[in-house]
Amino acid sequence: MTDGAAGAERAPDLVVGVGARPGVPAAEVTALIADVLAAAGLSPAAVCALATVDTRAGEPGLRAAATLLGVELRAFPAEVLAAVPVPHPSEAVRAATGTPAVAEAAALAAAGPGATLAVPKRKAAPPDGGASRATCAVARRTVTPPARSQTYVRTHEETTP
């Protein structure tokens, strides 16, 4: 799997946050995720999890989407998501879920400390032209490089009198 300009091998490091209305079908969720990843030049193989607010984690469409993608579905209480700073908060989302953001906040929360938003919130475009029932955002986990050796090496200048 490759991801990024250099085409280097990467461990799965993307988390897709998903906001959804009740009854959202898995096909709408997976199509949205595929479109968003493709538009951003990100590999679906780099996705390690889906994330959402806990009150939506039981939605059959979200659970099926995670299964189809072969990743776990992580859920967070609204209070946890409300504490995550996001670029696109919404009062409508707050009224419906108790947090001003689900997709962006869930992606960042699940990706962990130091995560960055790779793709901000995007809405689904259902094929029937109806109202969007899902949003998603993509966060990239911070991968900590291995620690450098703590061995001290003297340079030539340090050994000369």
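Here are a few notes on a helix, a strand and a pocket in this predicted model.

1. Next, have a look at β5. Seven of the seven residues of β5 are buried, so this strand is largely enclosed by the rest of the structure. The cover reaches both faces: Ala134, Cys136, Val138 and Arg140 are buried on one side, and Thr135, Ala137 and Ala139 on the other.

2. Strand β5 pairs with two others. It runs antiparallel to β1, joined by seven bridges, and valine 18 stands opposite cysteine 136 of β5. Strand β4 is also antiparallel to β5, with five bridges between them; here valine 119 faces valine 138 of β5.

3. Finally, the largest pocket holds about 450 Å³ of space. Its lining has 21 residues, and Gly19, Ala20, Arg21, Val93 and Thr135 lie nearest the centre. The elements giving two or more residues to this lining are β1, α4 (91–97), α5, β4 and β5, and α4 gives the most, with four. By type, the lining residues of this pocket are nine nonpolar, six polar and six charged.

Terms used:
Residues numbered from 1 in each chain as written. Predicted model: local features only at pLDDT ≥ 70, side-chain atom pairs only at ≥ 80, totals over all residues. Heavy atoms only, no water. 1 Å grid on protein atoms, 1.4 Å probe; cavity = no way out; pocket = protein on both sides within 12 Å on 5 of 7 lines; lining within 4 Å. Points joined across faces, edges and corners; volume = space filled by probe spheres on them. Nonpolar A, V, L, I, M, F, W, Y, C, P; charged D, E, K, R; others polar. Buried < 20%, exposed > 50% of the residue type's maximum accessible area, 1.4 Å probe, protein only. Pairing = 2+ DSSP bridges.
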